[in-house]
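Student: Could you take a close look at one part of this model with me? I'd like to go through the salt bridges, slowly please.

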Amino acid sequence: MKCIECAGELTEKTKTYVANLDSCVIIIKNVPALVCESCGEVYYSDEVFERIETIVEKLKNFINDIAVIDYAKSAA
């Protein structure tokens, strides 16, 4: 696959996803992603992004400040 922004090569890596909500910040570490080697653009698969949304939805009503979690431990 090529980057949509610059046509650079994409490499599988893990990234940190940050959700800045009104009442809290949720940080999800070690999220699988494709990252452009040239410009750094990050792409998540539909499956990964659905899991991210599920994690955020579950936590946003319980967290009042900041939560830092690991994707692999929370996505199951």
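Tutor: Let's start with R51, which is partly exposed at a relative accessible area of 35%; here buried means under 20%, exposed over 50%, and partly exposed in between (1.4 Å probe, protein chains only). E47 and R51 are four residues apart in helix α1 (residues 46–60), so about one helical turn separates them. Helices (H or I, at least four residues) and strands (E, at least two) are DSSP runs, numbered from the N terminus.

Keep in mind that this is a predicted model: local features need pLDDT of at least 70, side-chain atom pairs count only at pLDDT 80 or more, and totals for chains, interfaces and linings use all residues. Residues are numbered from 1 along each chain as its sequence is written, and side-chain values use heavy atoms, leaving out hydrogens and water.

Helix α1 also holds E57 and K60, three residues apart, about one turn of the helix. Their side chains form a salt bridge at 3.1 Å, N to O. E57 is partly exposed at 45%, and K60 is partly exposed at 32%.

Now for K13 and E37, whose side chains meet in a salt bridge at 3.5 Å, N to O. K13 sits in strand β1 (residues 10–20) and E37 in the loop between β2 (25–36) and β3 (42–43), so this pair ties together parts 24 residues apart in sequence. K13 is partly exposed at 38%, and E37 is partly exposed at 47%. By the salt-bridge rule, the count comes to four.
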